[in-house]
Every structure is written in structure tokens, then in C-alpha cells.
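These are my notebook entries on one protein model.

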Amino acid sequence: MDASAQPPRRSFAFGLENLGLASLRHPVVTAVMVVLVSVMAGLGLARLKVDDSLSELFRTDTEEFRRYEEIDRRFPSSEYDVLLVVEGKDLLKKPQLEAFRQAIVDVQLGEGVDGVVSMLSARGKPDAKGYAAPIVPDDLPDGPEYDAIIEAMRSNEIVAGKFLSADGELAMAVIALDRKVVAEQGAKEIIGAIKDTVTKEVAPLGLKAHLTGAPVMQLEIRNAVERDQILYNGLGLLFGAIIAAIFFKRISLMLLAALPPVLAVLWSLGLLGWLDFRLNLFLNIMTPLVMVMGFADSMQMVSAIRIRLREGDKKLEAVRFAVHVVGPACVLAHGVALLSFLALLFSQSGLIRTFGMAGSLAVGISFVAIILVLPILGVFLIRNEASLARDRSPADRLMDALGKLVGWIVDRVVHWPLTVSLICFASFIALASAYVQLEPRYRLADQVPDREQALGATGRIDEKLTGANPVHIMIEWNTGESLYSDRPLAVIAKAHEILEKTAGLGNVWSLESLRRWLKDAGDESIDTVKRYVGILPEHLVRRFIAKEGNAVLVTGRLPDVDSSRILPVVEKIDGALDGLRKEYPEFRISVTGLPAIAARNSARMISQLNEALPLCVAFAAVMLGLAFRSIFVAFVSLLPGLYPVVASGAYLWARGDGLEFASVVALLVVFGLSIDALIHFFNRLSIEEHVEPRADVAIRRARVLVGPAIILTTLVLAFGLGVTVFSDLPSLRTFGLISGLTLTASLIADLVFLPALIMLIRKIWPSRHVTSDHALDDPT
């Protein structure tokens with residue numbers, strides 16, 4: 001083909017690829033705009049913050065989430081509770097107990113602490129004047145008197161199994177943080193000061209202290225997210241640059257492939273920062289997502305430029321050629337991804353809707369960065385292009401070797417299309433049968449770094465105090481009845497019993513706990529209960545009685561287990577409360593708390609995302625069929641699009657795992673790459689089929705021309721995403737593992753199964769038309 005000849009223009013991109021030609025006509029203006037936008041994006045990036053809220057993941061516009069928010073408004077939120085775990089064999093000996101008490105006092109006086117509840121908060125029986133002295137006095141006696149104090153504390157209804165383990169070797173304290181101080185100073189300093197204060201007091205006496213609870217977990221999540229953003233994204237970019245430099249053999253081509261995706265990431269995160277988006281489990285995936293889209297397209301563009309330079313084109317001609325040939329495929333790839341993200345805006349979950357909006361913005365920015373910036377970078381960066389011509393640089397061994405490898409594979413595949421297609425269908429059915437057996441899974445521990453203190457402390461609480469995760473029954477009434485009248489007390493007592501006996505929860509705490517303890521002490525008077533509540537610290541009372549006196553909490557604690565195991569417990573509690581609701585219709589009784597919300601919503605949200613995957617594939621197939629005006633393209637793209645998804649799902653099933661948020665998001669992210677690869681291949685195949693009557697030759701030429709770039713892209717992205725398997729966050733490790741597996745399966749589907757299916761179908765369904773001579777020089 002003549003160097004200046006252009007391939008047939010594609011009509012499916014609506015001319016949007018011509019943005020690249022516009023940047024070539026006005027390079028200086030475009031360059032200035034790129035610099036200005038990058039500076040503004042850098043300022044926006046500095047504004048980007050991490051959303052470490054554990055409940056935000058499950059935010060929905062539903063009554064049950066509003067119930068959860070009502071608790072947060074009327075009672076001290078568990079999302080501000082730091083759980084202090086102090087452990088040691090000699091914990092209840094006098095020196096150790098005095099050290100523990102001093103630590104509690106110092107923490108209570110520390111800045112940012114609203115109140116502390118521990119085994120030292122327990123009081124004895126009220127005297128005749130109604131005063132209830134602390135079980136543990138300020139001055140600890142020795143001998144039998146001390147032993148009596150310890151025995152009274154270990155047998156206390158409020159302490160035993162709730163704040164002190166049965167073996168007396170582990171004590172827990174609940175430290176409520178002051179929300180205003182946390183907002184002003186940040187949780188990092190306050191939590192660090194608490195840890196230092198406690199350790200200073202108890203460590204010299206052989207006691208170990210650890211912190212857990214929502215604020216500590218959030219802090220560890222925030223630190224891990226910020227660290228991973230820098231480390232793993234940096235490693236991914238570095239590896240991509242090295243691979244591009246090795247295979248393209250020119251620093252200029254390496255920069256040409258790597259800089260546009262980097263700008264896409266910078267611009268996307270900068271815009272999210274200006275729009276006040278917060279990084280979280282989903283938005284933290286935005287960087288690799290933009291890299292997937294951007295790097296896949298930039299590699300195809302640079303590969304096309306390189307091919308034309310090898311044929312002797314001038315750099316401007318080569319860049320224009322790439323815009324005309326690869327540009328339409330970039331438009332379509334980003335358009336399909338954009339519509340997929342827009343579909344997420346209809347989700348019930350606020351977080352998924354936010355992810356959909358952020359993803360839509362990022363996809364648009366990625367397209368602009370590739371189609372607008374790459375052409376002018378090509379003109380600025382490529383120097384002495386004549387040295388890249390085939391007659392001047394015949395030994396482009398690595399890229400040529402990739403082309404030969406792809407050609408070798410395709411030659412054998414198109415020779416045995418029926419056999420390869422049957423293997424494809426059989427393996428797809430086997431993998432899909434395993435995939436459909438996957439069940440949604442969610443566990444709080446998977447969202448928290450597992451090499452820090454929080455999970456270890458939570459595990460000790462789960463083991464010795466029946467659990468650290470609160471499940472609440474909130475009881476509200478507007479009948480004007482006093483809290484201490486018969487009916488409210490009866491409802492509280494029955495709800496308490498349901499948590500204990502029907503659900504089998506340990507560590508149940510409510511006003512009924514106090515009534516039972518006083519009853520065991522021989523005093524059943526409601527007046528005594530009322531007086532006792534009156535002498536308790538305000539911050540302690542507010543944990544189970546609202547300030548208005550017309551709402552209370554009955555709280556039990558669950559261990560951190562998979563939501564599939566928590567959900568039956570929550571449903572059992574809710575079912576058992578139905579009878580209570582019918583008996584007392586004037587009382588509003590609801591089950592809530594983060595474990596309850598997570599158990600109910602996680603399965604639904606993961607299922608929604610999972611169900612969206614095949615719908616996205618089908619939608620993409622329809623879009624490809626419309627874009628290429630070919631039912632053939634729509635039909636053939638279905639199986640290669642779904643194959644990577646079911647392959648990774650089958651691996652999870654074989655490991656005994658389920659579908660988690662991280663694994664589903666990984667499948668969604670890598671799906672974008674697989675569709676991108678399909679679009680570039682079909683774009684090239686449609687050009688080849690205009691000039692080549694033999695299907696096997698057209699398939700081979702198209703595959704060899706775009707295959708090497710797809711292999712390089714897969715290699716770079718598999719490392720860039722797969723490096724997250726070394727993260728401290730279990731969810732991010734899962735993301736990296738599934739991404740690597742899905743990318744590998746996608747490559748197999750693209751290079752092996754897709755050509756075989758096309759060749760098999762072309763024998764029955766030939767290409768519609770063939771035109772004159774070859775539009776491209778033979779790549780071999």
C-alpha cells in the first residue's frame with residue numbers, strides 16, 4: 001500500500017476520533033491546554049480524601065438504613081467506639097489491676113475521649129440512701145478483701161462475659177470518641193495517644209494492649225489505601241514503562257504509550273478531588289480501571305504508529321494513520337464502558353451509584369487523554385523516524401517474535417476450527433457450571449488490613465467475649481409512657497430475652513441487664529432501677545437509653561463471620577420480634593447495627609453487580625453489532641466476553657471462596673479490557689475482510705496486527721493489577737489475584753477461541769463483500 005493511503009473510514013465513531021486530528025492542527029494550543037488541565041488536576045488530587053466509613057458501603061435509600069442512621073443520631077455511634085483489649089495471665093492481680101485502672105483514668109482524661117466503659121464501671125448494690133459504690137474502690141485492699149472484690153467483679157451480671165473474660169485473662173474497655181474533636185484533629189492522633197497512654201501503664205507489668213473497633217479499623221484502612229495508591233500504582237506504571245521500552249526499543253515510543261494513561265489517571269483523580277468524591281473500596285479501583293482503558297488503547301495506537309514507521313511513513317503520516325484506524329475502536333471501547341457505568345446509576349446502593357458516576361467521568365477523561373494527547377505527543381516525541389524503517393532497522397526481534405507467535409497460534413487454530421471451538425464450548429460450560437454455584441460473601445475482616453492490630457484484637461474478643469460487632473434492637477414509642485412504666489419495661493425484657501435465647505447471642509446489654517442484677521441482689525423495685533440509672537455516668541446511660549427517654553437499645557454482640565452466617569441470625573431475630581410487634585403495636589421495634597445492615601445488603605449488592613456482568617457482556621455485544629452493522633460480530637463476541645468471567649469464577653469456586661465485592665469489581669474492571677481487545681480486533685478484521693476473500697488469511701492478518709499489542713497490554717496490566725496481591729488489605733489482594741486470572745483467561749479467549757469461532761462461522765456465514773487490493777501491507 002502507498003504510504004499515504006488511508007484505510008476505509010469507519011462510520012460508527014460519529015467522527016469523534018477526529019479530535020486527534022484537531023490536536024495535530026493546533027498542537028501549541030492543545031499542549032498549553034494539557035499543561036493547564038494537568039496543573040488543575042494536580043490541585044484537585046491534593047483535595048482527594050479517603051472515605052473510611054464502614055457503613056457507607058451499605059448506604060441505600062431504604063427504611064432499614066434510615067433506622068441505622070437513627071441509632072447514630074440518638075445514641076453514641078459504634079462507629080466512634082474504640083475497643084481496648086488488655087490481656088495477660090496476671091491481669092486480676094493487684095499491681096496489674098492498678099495499672100489497668102490508671103490507664104483507664106488517663107485515657108478518660110485524654111483529649112478527644114467522650115467516655116470510657118469498662119469492668120471498673122460496675123457498681124455494687126445501692127445502700128439505703130440509694131448510693132451504689134464502685135465494686136473496685138479507689139484504694140485496693142490486700143488479702144481476702146481483695147479476693148472478694150475480684151470475685152464480686154467476675155460474678156457481676158454487667159461485667160462477666162461482657163467486659164471480662166471467664167478466665168479473667170482478658171479485659172475490654174469501650175472508649176467513646178468525641179466526634180467534634182475527631183473531626184478537628186483527626187482520628188490518627190487521638191487513637192495513637194490512647195495506644196501510647198495504655199501501653200505506658202500496662203506494658204511494664206507484662207500486659208498486652210491492643211486497639212480495635214470501627215475508628216481503628218477505619219484508620220488502618222485509610223493508611224493502607226494511601227500507601228497502596230502510591231506503592232502499587234507506582235510499581236504498575238514502572239513495569240509498564242519498562243515493558244514498553246523493551247519491546248518498542250525507543251524511549252520515545254515508551255513515553256508515547258505510557259504518558260497518556262498517566263495523564264488520564266491524573267485528570268480523573270483530580271476531577272474527583274474537585275467534585276469532592278472520596279476514595280473507598282470502589283473508587284480506589286478507579287486508578288487501575290483508568291489504566292486498563294487508557295493503556296490498552298495507547299498500546300494499540302503506538303503499535304499502529306510503529307507499524308507504519310516500519311513501512312517508511314513519516315511520523316505525521318503514521319500518527320494520522322493510527323487516528324484513522326485505531327481511533328474509531330477507541331471511541332467504541334470507551335462508549336461501551338461509559339454506558340456500562342451509567343447503568344450502575346440505577347442501583348439501590350449509593351456507593352455503587354457513586355462508583356458509576358465516577359467511572360463515567362473517568363472513562364470520558366481517559367478517551368480525551370488518549371485521542372487528544374497521544375497524537376501531539378507522537379509529533380513531539382518521535383525523532384529521526386527514518387531510523388525505524390524496516391530497511392534501516394531490520395532487527396525488531398521482540399515485536400516481530402510476538403507477531404510470529406500470534407501467527408503460529410492462529411495458523412493452527414484456523415486449521416482446526418471445529419475442534420478448538422468444541423474445546424471452547426466444553427470448557428465454557430464446565431466453568432460456567434462452577435461459576436453459577438458461587439454465593440455472595442462479605443466479612444468485615446476482608447476490608448481491614450490483616451497485618452495490623454485491629455483484626456488481632458477483634459479475634460481475641462470473638463474468642464473470649466463472644467464478639468465485637470454490635471447488633472441492636474431499637475425500641476421506640478410515642479405513647480407518652482415513662483420508660484419505667486410497665487409496658488416499656490416488658491417490651492425491653494422480652495427483646496432482651498429474644499437476643500439471648502432465640503438468637504443465642506452473648507454479651508447482651510440493656511436496661512434489663514440492670515434489672516436482673518438488682519433482682520439477684522434482692523431488690524426488684526423499679527424505683528431502685530431508676531435511682532441506679534441516675535447515678536451512672538451520662539455517657540454510659542446514653543449507650544442504651546435515648547436522651548428523650550422514649551427510645552432504648554438492646555444490644556448483643558456477634559463474632560466477625562461471613563455475612564451468610566449472620567443473615568440467618570438477623571432474620572431469626574426479626575422473625576421472633578414479629579410476635580412482640582403484634583402484642584405491642586404502639587412500639588416501633590427494629591433490628592439494626594452494622595452486622596445486620598451488612599448481612600442484609602451485601603448479598604443483594606454483590607448479586608446485583610454479579611448479575612450486571614452477563615448483562616454488560618450482552619449489552620456490549622449488541623453495541624458491537626450495531627457499530628459494525630453486523631449480527632455476526634454481536635453473536636461471536638458473546639463467548640469471548642463471558643469466558644474470562646466464568647473462568648475466574650470457577651477458580652473461586654474451586655478454592656471454596658464466594659463472590660466478594662473485590663472479586664466482582666475485579667471482573668468488571670477486566671471486562672473493560674476484554675471488550676477493548678475485542679473491539680480493536682473486530683475493527684481490524686472488518687478492514688481486512690474488505691480486501692481479503694479468504695477468511696483464514698483475513699483473521700491471521702488482523703490477529704497478527706493487533707495481537708502483539710494485546711499481549712503486551714495484558715502482561716503490563718496483569719503485573720500492574722496483580723502486584724496488589726502483596727497489599728495489607730485482603731480485599732485488594734483478592735482484587736489483584738482475580739484481575740491476573742481474568743486477564744490470562746481473556747488472552748486465551750482472544751488468541752485461541754475467538755479466531756476459531758470466527759473461522760467456523762465464516763464457513764457458513766461468509767463476509768458480505770471484498771473490495772480491491774489489500775488495504776494494508778502484509779505484516780509477515
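**Entry 1: salt bridges.** I found 31 salt bridges in the structure, where a salt bridge is a side-chain nitrogen of Lys or Arg within 4 Å of a carboxyl oxygen of Asp or Glu. I note that the model is predicted: local features need pLDDT of at least 70, side-chain atom pairs count only at pLDDT 80 or more, and totals for chains, interfaces and linings use all residues. Residues are numbered from 1 along each chain as its sequence is written, and side-chain values use heavy atoms, with hydrogens and water left out.

**Entry 2: a pair across the chain.** I looked up Arg74, which forms a salt bridge with Glu476, with 3.3 Å between the closest N and O atoms. The two residues are 402 apart in the chain, Arg74 being in helix H3 (residues 63-74) and Glu476 in strand E7 (residues 469-477). Helices (H or I, at least four residues) and strands (E, at least two) are DSSP runs, numbered from the N terminus. Is Arg74 buried or exposed? Arg74 is buried, at 13% relative accessible area, and Glu476 is buried as well, at 10%. Here buried means under 20% relative accessible area, exposed over 50%, and partly exposed in between (1.4 Å probe, protein chains only). I also noted that a network of salt bridges links Arg67, Glu70, Arg73, Arg74, Glu476 and Glu548.

**Entry 3: a second pair.** I recorded a salt bridge between Arg516 and Glu500, whose closest N and O atoms are 2.7 Å apart. Arg516 belongs to helix H17 (residues 511-520) and Glu500 to helix H16 (residues 486-502), so the pair ties together parts 16 residues apart in sequence. Arg516 is partly exposed at 23%, and Glu500 is partly exposed at 26%.

**Entry 4: nonpolar cores.** I then turned to the cores, each a set of buried Ala, Val, Leu, Ile, Met, Phe, Trp, Tyr and Cys residues joined through side-chain atoms within 4.5 Å. The largest has 254 residues, of which Met119, Ile475, Leu511, Ile573 and Phe682 touch the most other members. Helix H24 (residues 661-689) gives the most to this core, with 18 residues. A second, separate core of six residues includes Ile71, Phe75, Ala546 and Leu553.

**Entry 5: a kinked helix.** Where does the kink in helix H25 lie? I located the kink, of about 40 degrees, at Gly707, shortly before the proline Pro708, in H25 (residues 695-722). The bend at a residue is the angle between axes fitted to the seven residues ending there and the seven starting there. H25 is mostly covered, with 22 of its 28 residues buried.
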